[in-house]
Amino acid sequence: MIISIASGKGGTGKTLVATSLALSLENKKAVQLLDCDVEEPNAHILLKPSFSHREVVSTPIPQLDEEKCTYCGKCAEVCAYKAIAVFPKHVLIFPELCHGCGACSYLCPEDALSEINKEMGILEIGYSKGVEFIHGRLTVGQAMATPVIREVKKHINRERLAIIDVAPGTSCPVVEAVKGSDFCLLVTEPTPFGLNDLALAVETVRKLNIPCGVVINRDGAEDSKVEGYCRKQGIPILLRIPLDIEIARLYSKGITLVEGVPQWQEAFSRLYNDIEQIVFGG
Ligand code: SF4
Ligand code: SF4
């Protein structure tokens, strides 16, 4: 099963939930944690894995041979991402917009475009306390996270439980990370901002046809309309983590919730059982 852990906004505690869920189950099943928040991965800070594999993630981008180019404009026409502009005597390639689809070099009638690999980020694989850990890091200055996320997700092992830590928000990297999941856990906080971003996240996962449930973090912080919203939308609230200075202290020290307060293991095991029931129970 693949469970993605997402949130409409940053700082709601999705990494806290992802890491504790993974560690709570490592004695019961084979678990993978994939940190797909490649712009700001931080699950490794809590899990402290030993990495045994590292590879560069690159994408092929076009390179022009001016000698062969006739400035026909076909490459610019075919590029859906506006990554090539053709002028009467000049071709401009914008590597930061290129998705590496290869269409331009394939369709160039003069064979004037070859491909060179451009580094997008790195991928690291390791283990932490019985959990297989995989994460990607986007190279500084790179704008496109999706190729790195795709590489991380290639390591999903369907024989295991794969937990995906997704970037905050509802943009392309979020869709790339969440798609294909069997369930999406949305972590929110009981504030008006939390509700607003939760509603956007629900819209996104529903468009992807993925069932979802909610975790309310910092529960009790404010009177909120999150509960009413979930009731109205028929979305189950599967876990509540209270506003607690001790939990915040543990997190700031890089200690997972289930390691700092082992009593939470049971709650996270129950959370998994509830998800399993929703996904397979009918
Ligand atoms: S399609 Fe090929 S020949 Fe035509 S403008 Fe682009 S690079 Fe030049
Ligand atoms: S490889 Fe694809 S995205 Fe990149 S410039 Fe060519 S057509 Fe555009």
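I take contact to mean heavy atoms within 4.5 Å. The model is predicted, and I note that local features need pLDDT of at least 70, side-chain atom pairs count only at pLDDT 80 or more, and totals for chains, interfaces and linings use all residues. Residues are numbered from 1 along each chain as its sequence is written, and side-chain values use heavy atoms, with hydrogens and water left out.

**Entry 1: the cores.** I looked up Val178 and, leaving aside its neighbours within four places in sequence, found contacts with Ser4, Ala6, Lys153, Val166, Cys184, Val205, Leu208 and Ile210. Val178 is also among the residues with the most contacts inside the largest nonpolar core, which has 39 residues. Such a core is a set of buried Ala, Val, Leu, Ile, Met, Phe, Trp, Tyr and Cys residues joined through side-chain atoms within 4.5 Å, where buried means under 20% relative accessible area (1.4 Å probe, protein chains only). Helix H7 (residues 192-207) gives the most to this core, five residues; helices are DSSP runs of H or I with at least four residues, and strands are runs of E with at least two. A second, separate core has 34 residues, including Leu23 and Ile163.

**Entry 2: the strands.** I count two strands as paired if DSSP finds at least two bridges between them. Strand S6 (residues 113-128) runs antiparallel to S3 (residues 50-64), with 14 bridges; Val56 has Ile122 as its bridge partner in S6. Eight bridges join S6 to the antiparallel strand S7 (residues 131-138), where Ile125 is partnered by Ile134. S6 and S7 form a hairpin with two residues between them, and Lys129 in the turn has a positive phi of about 50 degrees.

Notes
Chains lettered and ligands numbered in written order. Buried < 20%, exposed > 50% of the residue type's maximum accessible area, 1.4 Å probe, protein only.
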